[in-house]
Amino acid sequence: VPYKDDMADDLLRSLQLILKLDAKVADILAAQLFSELLHLVKASPDRIQTEACWKTFSALLRVGAHHLEASPAGFEILEILIAGNEVTEENLVSFLEADLAFIEGHAGSEDQSMKALDLLMSLVEKIKAWPTSDKIFGYWSKAVNVARHACNDSRPQVRNQACVMLQQVLLSSYSMNHTEEQWGEVMKEVVLATVNGLVTNVKKHREHEYPEMDKTARIALLMLSKAFLQFLPSLVKLECFSEIWLETLSILDLCNSCSSDELSEAVPEALKNMILVMATQGVLHPGWTDSEGVNLWNVTWQRARTTSPNLEPGMLSDYNIEYAK
């Protein structure tokens, strides 16, 4: 039955009252309620206009994400709204909060959580299409943080896909006009922090809480290597670049200290790729020192040798990379 357009405004005004229902009553009515909301959104998506209304709608969707019977309809609502032209700067946070709830929600299937990750990528694409402004980095960062949060999901399939999604978001967004300082912030607060947290969980043997965490950490390590190299032209311009590089080496050391075949296989290749690109671009050379006069060329090779005896300065000649000895 087509939804009655003249009832849409009344229903929207009533939504806030629904959130105040007794929990048991709300649980009983949830399936019917979300069925009605789905009819409303299919017929009149443009009725949801004010910021307050979007916040209420988002709160309802977050509740529905954790309700077994209401979750499918709630997710279809979210899909319809994101696929349309409903996402704006004013309601972006409401969409991100709702999407995160469906990513994390166990009421739906893992497949639904994976589809919610795809919706996150759709939100990122919409943000990238908005006119450039001082606020874009903030909006984009909020979406990135949803992906980062999902990298800690207890379900291996969802967690691994979240790491892949985070990598896609980061690498596909380098064309955005973020400043060098902002890319440095992303590298430290998102990439390095995410990988460090995941590897620490492997180190602590938290397999009972996070099954297959070493596989997730390996995916994240690949993300670190690719993001570092993608952002390198911006990172090298920062005063804190040497700190970023040393922190990267420390995380690789942490990977090496884990009893994990997944990580022990991945670390040498990741480090070799970073070293080769840095040497090719003239970043890594014998005279490279930090602000305190520490020779980072020496530090890099010392740390590299603990990873693999094959990682030593002489390997650069195998790739026709020259340096002053």
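## A cavity and its lining

The largest cavity is lined by W54, F57, S58, L61, S94, F95 and A98. Keep in mind, as you look for these residues, that this is a predicted model. A search of the whole structure turns up 1 cavity of 30 Å³ or more, and the space in the largest cavity is about 40 Å³. How can such empty space be found? Rolling a probe the size of a water molecule over the atoms shows where it is left.

What kinds of residues line the largest cavity? There are 5 nonpolar and 2 polar residues, and no charged ones.

## Two helices side by side

Now let's turn to another part of the model. Two packed helices are described by the angle between their axes and the distance between the axes. For helix α11 (residues 241–257) and helix α13 (residues 296–307), the axes come within 10 Å and cross at roughly 15°. Angles under 35 degrees count as roughly parallel, and α11 and α13 are therefore roughly parallel to each other. Their crossing is left-handed.

## Where the helices meet

You can trace the contact from both sides. From α11 come S242, W245, L246, L249, S250, D253 and N256, which meet L296, V299, T300, R303, T306 and T307 in α13. By class, this contact of α11 with α13 has 5 nonpolar, 6 polar and 2 charged residues.

Terms used: Residues numbered from 1 in each chain as written. Predicted model: local features only at pLDDT ≥ 70, side-chain atom pairs only at ≥ 80, totals over all residues. Heavy atoms only, no water. 1 Å grid on protein atoms, 1.4 Å probe; cavity = no way out; pocket = protein on both sides within 12 Å on 5 of 7 lines; lining within 4 Å. Points joined across faces, edges and corners; volume = space filled by probe spheres on them. Nonpolar A, V, L, I, M, F, W, Y, C, P; charged D, E, K, R; others polar. Axes fitted to C-alpha atoms, helices over the stretch in contact; angles between N-to-C directions. Helix = DSSP H or I, 4+ residues; strand = E, 2+ residues; numbered from the N terminus. Parallel < 35°, antiparallel > 145°, perpendicular 65-115°, else oblique. Left-handed = near helix turned anticlockwise from the far one by under 90°. Contact = heavy atoms within 4.5 Å.
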